[in-house]
Amino acid sequence: KHDKPLELFCKTDQTFVCMLCTVLDHKMHDVVPLKEECEGKKVELKKTEAEIQQMIQKRRLKIQEIRHSVDLSEEDADREKAKGVQVFTHLKESVERRLTELIDTIEEKQKTTKKQAEDSIKELEQEISELMKRSTEVVQLSLSEDHLHLLQSDQSSNIHHPPPTKDWTKVNIRQSYEGTVMRAVVQLEETLSKKMKKLVKAELKRVQKFAVDVTLDPDTANPELILSDDGKQVKHGDVTKKLPNNPERFSLEPCVLGKQSFSSGRFYFEVQVKGKTEWDLGVARESINRKEDISLSPQNGYWTVWLRNGNEYKALAQCHFSLSLKSQPQKVGVFVDYEEGLVSFYDVDAAALIYSFTGCSFKEKLLPYFSPCHNDGGKNSAPLIISPVRVN
């Protein structure tokens, strides 16, 4: 513009200027030497370059982490496949063995039936032979013209009576196979049940390794609940305490959450339910509404099981699913695999699986969920107790 070298930089207008420009057009602007501005830009570029290199390094480390995760996943998959092949091979062998025993039993019965039939036929044929012999004697005597001989023979023999024979009306050769298959199935079920118990026991030991220390959060507890000082026990009281109505607190239902939240990985905890006639246990997502009546279901953010009326157990899925348990749990284990979308409940003492929620989609923090339910005039006064995990 002024035919002068562009030796300066106007920071105000972000443009290159000459010495004459600073006097005429940029007198009140922030003008610095071009070299100085370049040095500043170089510093900024080095800083940017360092940030970019740091971002690159982080992403390279992430790639390594992902590849390592894939390797671990493949190892887990191979281990589970090998375990699955072993388990199902044993189950298949058990089924085949029971089938072989069933067929052998039926064939042995049939063999016995056939032998009894052959013996009976032989005996019947013998009796028929004796009867035919007697019949011939009777016919011959009846045709005799020697009256003296006829009368003497009639008096001196049992010709009027058939030879001794068996009462065949009570003899039944046919075998009954009714219930043979069902008995074999029951025996197979008992065998599989024992194998399943061993599997569940091994699985329980595995998940117990992910035990976490859970304590109750008093800020979430309904005012009717009584929590122990150590945060490990909760029961329903007869008095509603005056407590701050903070957003975290359950207002209507006798519930409380754990202090600890989980947004990845696996965790496990155990709760003693001995002496109770009603309880709810499980996990809940952090965003549940704590000021309304609760409808326990995964759709509402709860993965739970409950006990009602002393012996009615249900898994609270979309539809409440009744559970048929062989024994009443005294201690319940709760296991969560966040990435796998799994929530499992175990009868710890019996080493039995109570129920599993599978294919869950977790997108926020999960917290342990407890409800000792109402006191019921003292019938349900026993507390829920968070117990230390002891691997058997």
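Buried here means under 20% relative accessible area. The model is predicted. The structure contains eleven aromatic pairs.

**Stacked pair**
- Phe262 and Phe267 form a stacked pair, because their ring planes meet at 15°, and planes under 30 degrees apart count as stacked.
- The ring centres of Phe262 and Phe267 are 3.9 Å apart.
- Both Phe262 and Phe267 are buried.

**Edge-to-face pair**
- Trp303 and Phe362 have ring planes at 80°, so this pair is edge-to-face; the cut-off for that class is over 60 degrees.
- The centres of the Trp303 and Phe362 rings lie 5.0 Å apart.
- Trp303 belongs to strand β9, residues 302-308.
- Phe362 sits in the loop between β14 (352-357) and β15 (366-371).
- The pair therefore ties together parts that are 59 residues apart in sequence.
- Trp303 has 5% relative accessibility, so Trp303 counts as buried.
- Phe362 has 11% relative accessibility and therefore counts as buried too.

**Aromatic cluster**
- One aromatic cluster is formed by Phe321, Phe345, Tyr355 and Phe357.

**Charges over rings**
- Lys166 lies over the face of Trp168, and its distance from the ring centre is 4.8 Å.
- Arg308 lies over the face of Trp306, at 3.8 Å from the ring centre.

How values were computed:
Residues numbered from 1 in each chain as written. Predicted model: local features only at pLDDT ≥ 70, side-chain atom pairs only at ≥ 80, totals over all residues. Heavy atoms only, no water. Phe/Tyr/Trp six-rings, centres within 6.5 Å; stacked < 30°, edge-to-face > 60°. Buried < 20%, exposed > 50% of the residue type's maximum accessible area, 1.4 Å probe, protein only. Helix = DSSP H or I, 4+ residues; strand = E, 2+ residues; numbered from the N terminus. Lys NZ or Arg CZ within 6 Å of the ring centre and 35° of its normal.
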